[in-house]
Amino acid sequence: MSSRSIARDVAMMEKYLHSQGAAYYDEGRLDDAISWLKKAIGIDERPYTRYHLALALHKKGDLADAVAEISRAIDLNGSVPEYYY
């Protein structure tokens with residue numbers, strides 16, 4: 001297996017896990033959303049995944065962890081206006 005196909009597979013897995021987490025968030029299944037989003041971050045740290053994790057944590061009432069996650073999203077990409085709301 002080439003390094004290019006491994007990188008592609010990793011990116012696809014991260015996107016799949018992130019998508020599942022976002023779907024669970026939309027359904028109000030916050031524990032499931034948090035779990036799937038953390039799995040996605042474990043594969044590849046992306047600011048949009050940190051953002052969605054922060055939203056789920058905030059909605060669940062875990063404000064300290066939500067602030068830590070959104071701060072990390074801003075560190076990774078501070079040019080996204082939504083991260084500052």
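**Charges, helices and burial in a predicted model**

Trainee: How many positive and negative side chains does the protein chain have, and how far apart do the centres of the two sets lie?

Mentor: There are 11 positive and 13 negative side chains, with the centres of the two sets 5 Å apart. Lys and Arg count as positive, Asp and Glu as negative, while His and the chain ends are not counted; each charge is placed at NZ of Lys, CZ of Arg, CG of Asp or CD of Glu. This is a predicted model, in which local features need pLDDT of at least 70 and side-chain atom pairs pLDDT 80 or more, whereas totals for chains, interfaces and linings use all residues. Residues are numbered from 1 along each chain as its sequence is written, and side-chain values use heavy atoms, leaving out hydrogens and water.

Trainee: What makes the pattern of the protein chain α-α-α-α?

Mentor: The chain holds four helices and zero strands, where helices (H or I, at least four residues) and strands (E, at least two) are DSSP runs numbered from the N terminus; read along the sequence, this gives α-α-α-α.

Trainee: How do you know how compact the protein chain is for its length?

Mentor: Its radius of gyration is 13 Å, close to the 12 Å that the globule rule gives for 85 residues, so the chain is as compact as a globular protein of that length. The radius is taken over C-alpha atoms, and the rule is 2.2 Å times the number of residues to the power 0.38.

Trainee: What span should H2 have, and what is found?

Mentor: The expected span is 1.5 Å times one less than the number of residues. For the 14 residues of H2 that should be 20 Å, and the end C-alpha atoms are 20 Å apart, which agrees. Helix H3 (residues 47-60) also has 14 residues and reaches 20 Å, close to the 20 Å expected; Gly61, with a positive phi near 100°, follows H3.

Trainee: Which residues of H2 are called buried, and what covers them?

Mentor: Buried means under 20% relative accessible area, with exposed over 50% and partly exposed in between (1.4 Å probe, protein chains only). Leu30, Ala33, Ile34, Trp36, Leu37, Ala40 and Ile41 are the buried residues of H2, and their cover includes H1, H3 and H4.

Trainee: Which residues is Trp36 in contact with, beyond its neighbours within four places in sequence?

Mentor: Contact means heavy atoms within 4.5 Å, and with those neighbours left aside Trp36 touches Tyr16, Leu17, Gln20, Gly21 and Tyr24. Trp36 itself lies in helix H2 (residues 30-43).
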